[in-house]
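Here is a brief report on a two-chain model. Please read it alongside the sequence and the structure.

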Amino acid sequence: MTGRIELPQGTVDLLILRTLLPGPQHGWAISERVQQVSSEVLSIQQGSLYPALHRLERRGWIKARWGTSDNNRRAKYYELTRAGHKQLEAETEAWRKLSTAVQQVLEGA
Amino acid sequence: MLDDLRYRARALFRRRQVEDELDEELRFHFDREVQKYISRGMTGEQARRTARMAFGGHEQVKEDCREARGTSFLELTFDDAKYAVRQLIGSPTFSIVMILTLALSIGANSAIFSVINGVLLKRLPYPQPQRLVRIFLTSHEYPKFPLNPWDFLDFRARNHSFEAIAAFSRSDVQLSGQGEPIKLNGFHITSGYFRVLGITPQLGREFDFQAEIPGNGRQVIISDRLWRTRFGADPAVIGRAITMEMQPYTVIGVMPPGTEHPGNEYHSVAYGENVDVWRPFSFQGNSNQRGSHFIEGIGRLKPGVSVDRALAEMNAIMAQIVREHPNNNGWRVLLIPLYSEVVGTSRQLLLVLLGAVGMVLLIACANAANLLMARSSARQREIAVRLAMGAPRLRIVRQLLTESLLLSCLGGILGLLSAFGGVRALVLLLPSDFPRANDIHVNWPVLLFTLAVSLATGILFGLAPAMQASRTDPKQGLQKTTRGTTSGRQQNRLRSALVMAEVGLASVLLIGAGLMLRTFLNLIHLDSGFKQDHLLTAGVSLPREKYKLEKDRYLFYTQLMSTLNALPGVESAGAGSDLPWTGYDENAGGFRLENKAPQPGEEFHARYHAATPGYFRAMGIPLLAGRFFNEGDKDGAKNVFLINQTMARHYWPNESPIGKRVTFADAPKNDSDWITVVGVVGDVKDHPNSAGAEAAFWYPEFQSPDNDMLIAIRTQSDPRQAIDGLRLAVHQLDPGLAVADIKLMDDVASSAVSTPRFAFALVGLFAALAIVLAAIGAYGVISYTVGQRAPEFGLRVALGAQRADLLRMVLTQSARLVIPGIAIGVVLALSLGRVIRGLVYQVSPNDPLIMTSVVLLVSAIALLAAYIPARRAAAADPLATLRTE
């Protein structure tokens, strides 16, 4: 647990959008997935996950519908909208630029 | 954008569903976490605890989600309001006390603001009123003096600063013809008077310059009201002849409704729509005789011309006039913007009243804050629970603020309702000469003001208690007792400070009320120079055409006087040019004393009156030397007059004025040019609060009887019984005459002190409200701390303390609150003294007697407020209190 990093809001949004790229997911699965893929380094706490989902829904980047989960319970599934796809591309691009630039500065100095 | 709106709308209008969904979503997440931990080998209990810890505050998450949905503000407010209503209903006594005290103080503020809004803030009812100025003269002896007609003509011809100037002079008329003759408020006006005001007649036109020429004056402009009531709103009234003063006058104009009189000083008519008849002013007589000042000037400045520039020009013109007519020496022009002139005297009073109600409101706020804090310590558990559930502190502040805003708004609504009644009562209470009383209403600006005051009040008294309550430590708050916690001590300090402030402000108001009371008492116990009781007054005017001859007027008055004096129950009856305290201000200048040359620059001016022999006895004005008038002082007899004491002292210091002679002629030739002083009578001031009496003299009315006369009848019992006799006497002499303005001198005198009475009544009321609130505040804090210290008291009694010791302890504690409070109040009152200097009469704003009385009164009330809880403390049962510990 000690290796975890606090995530800024914009990054949480980006990670959520990216996690939804393969297909619809419910909240818990999103947070599990992020944790798993990042080798337990990144973790989105519920405290920021659900507000972020509501925020993204309000912006129209994801939409929600109720479905049945793998253990047969009603769960709220989120999926990317068309605007969400575009937003993901734009944010990914921005993130790449940023990290490359930061990388260059760190190495060049 | 549209998505966003749709989303928000759904979140807002299907709140219940959205909230339920959120709950379900979060529950699902939690359950999956628990499952995950169980699958890693934890027991069910362990898994749940771990999940709960990872989850953070459930409430917090929901709160953040609401915020993310973008509807949180409205939703929260709605929630908070619902919760607040439940809280208020839950403690009805608390809520009622809060709402009532707030309603009283907000209502008082709204009522005073209604008056201020109507009198001070509302525009004068003329176009571009800021360009209107009143024109007076001033000298070092007479600060504000009417104009002389010839000077006015010179001003009108020579000035370039004004678009137009006009003059007016009171001249009531008797309208006869159909039905009972009536007397109407009327004015003589110069051409252009309505152009200056900016009002055009709705029918016909206004007077032209021709109308000012003597002989052309038989024209009249009438008010809309007169047109409707007397002439059936007939448009053909223009050009018609109507009978006024028993003379035919041609109607040339009808003014529109809302033609308000701009007010005047001399023979004053109140501001407002109360003048019915305007006739042309005639410039009669010799333009070189400029001693008589009786017309009032008003002008409309050209656009862009400042009052100062106009004043400089007018004074340059005055200097020319003085060179041309040297006996005008000493006069300068005084220009006063119409607004200042209209609201002038009332402004200070109203601002002081606003300050007073403002203080009452502050006290009410302090009280409300105190009550809230006392309650919030009772609610500490509830708040601690909410904090422990993860509610952010800001959320608690918001919740508590919503409660106080709800209280203040309910108070505001109730206050506004009471302001409707209050304003009606205020208008009735207003001094009769108060400007613009008709413009006082509870209207939109008052509504907005009340709303703003209510919100500000709610925040003011709610913020500190809310902040403090939100600082509750959840752990301590959940424990059984909260006594002795830091926040508790802090709270006690804040509450004590609030009580101190309340006591201080209440002391200021009480000192103010004391000053107003002293002023009022000084004025009614003043030696007025005449006797107001048992005195009936009335006015009779003899139409100038019918009573053109002096001997007819002489006959009328002598007959009327002898009939009145013979009436049963009448002690003496007289008539004169005027009555005291009614705004009379007629002056004569340019006289000379025999064997006395004036000093360079010395002005000979005196108030001019006329009286019949019975006048002084009827008014109760004493004779100090010489004799009163008698029946022999008539036309053809030696010219005599009476002077008042001030005139005697001023013109004949250190010698007897009896037998001394005065003349108005430039070159007196024979005895008839001289007037001999035959008596000295007591001084009567112009107004009860004038600094002193003006020098004045009286002509014998019977020597040259005037057309207008005011009658004074002194009776043995109720003066009202003489009314019928007076009417009958006048009717017998001339059935066409109206008896106007029948009044008791007691009423005249009482309306002359109506402003100080009004000031005292209101400041007194506010002070009473303030001290009651402050007493409640002191009582609340003392009884709260007594309750807190009950175990300590029980312990003390158990250890042998006497009940008197406990009583003393509590009273000392209250003295520690009250004494600094009173000290603050006295210091504040001393520094505010300047503000009310103009409103007090013959009492210093720092009057030590009043200060001492207030200090004693407030101490006594505070002692009383502390005594009840102190007795409870002293009655502490050691066993019972220790058992509850």
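Of the 109 residues in chain A, 31% are buried (buried: 20 or more other C-beta atoms within 10 Å of the residue's own; exposed: 12 or fewer; partly exposed: in between; C-beta atoms are placed from the backbone). The model is predicted: local features need pLDDT of at least 70, side-chain atom pairs count only at pLDDT 80 or more, and totals for chains, interfaces and linings use all residues. Residues are numbered from 1 along each chain as its sequence is written, while chains are lettered from A and ligands numbered from 1 in the order in which they are written.

**Chain A**

The C-alpha atoms of chain A fill a box of roughly 55 × 35 × 20 Å along the principal axes. Chain A has four helices and three strands. Helices (H or I, at least four residues) and strands (E, at least two) are DSSP runs, numbered from the N terminus. Read from the N terminus, the order in chain A is α-β-α-α-β-β-α.

The three strands make an open antiparallel sheet, ordered β1-β3-β2 in chain A. β1 (25-26) and β2 (62-68) of chain A are the edge strands, each with a single partner strand, so one side of each has no neighbour in the sheet. Strands count as paired if DSSP finds at least two bridges between them. β2(A) and β3(A) are joined by seven bridges in the antiparallel sense. K63(A) has E79(A) in β3(A) as its bridge partner.

Contacts mean C-beta atoms, placed from the backbone, within 7 Å. Among contacts in chain A between residues at least 6 apart in sequence, 52% link residues at least 24 apart.

**The interface**

On chain A, 17 residues are in contact with 21 residues of chain B. α2 (27-37), α3 (46-59) and β3 (74-80) of chain A each supply at least two residues of the side that touches chain B. α3(A) gives the most, with nine residues. By class, this side of chain A has four nonpolar, six polar and seven charged residues. Here Ala, Val, Leu, Ile, Met, Phe, Trp, Tyr, Cys and Pro are nonpolar, Asp, Glu, Lys and Arg are charged, and the others, Gly among them, are polar. The model scores ipTM 0.84 and pTM 0.71.

**Chain B**

The domain bounds come from an automatic or database domain assignment.

| Domain of chain B | Residues |
|---|---|
| domain 1 | 2-66 |
| domain 2 | 71-127 + 344-482 |
| domain 3 | 146-330 |
| domain 4 | 483-526 + 753-885 |
| domain 5 | 543-736 |

The C-alpha centres of domain 4 and domain 5 of chain B are 57 Å apart. Mean pLDDT for chain B is 86, with 93% of its residues at 70 or more. pLDDT is the predictor's confidence in each residue, from 0 to 100. Over residues 482-486 of chain B it stays under 50, and the model has eight contacts beyond four places in sequence for them.

Which residues of helix α12 (residues 380-388) of chain B are buried? They are Q380(B), I383(B), A384(B), R386(B) and L387(B). These residues lie on the same side of α12(B), because they cover an arc of only 165° around the axis. The arc is that of the directions from the helix axis to the C-beta atoms.

Strand β13 (residues 535-541) of chain B is mostly covered, with six of its seven residues buried. β13(B) pairs antiparallel with strand β23 (residues 708-715) of chain B over seven bridges. L536(B) has I713(B) as its bridge partner in β23(B). β13(B) also runs antiparallel to strand β24 (residues 740-744) of chain B, joined by three bridges. There T537(B) stands opposite K743(B).

**Single residues of chain B**

D741(B) is in strand β24 of chain B. Its phi is positive, near 50°, though D741(B) is a residue other than glycine. D741(B) counts as partly exposed because it has 16 C-beta neighbours inside 10 Å.

N654(B) also has a positive phi, about 60°, and is not a glycine. N654(B) sits in the loop between α19 (645-651) and β20 (661-663) of chain B. With 5 C-beta neighbours inside 10 Å, N654(B) counts as exposed.

Q247(B) lies in strand β9 (residues 247-254) of chain B. Beyond residues up to four places away in sequence, Q247(B) touches R218(B), P543(B) and E545(B).

Conventions: Two residues are in contact if their C-beta atoms, placed from the backbone, lie within 7 Å.
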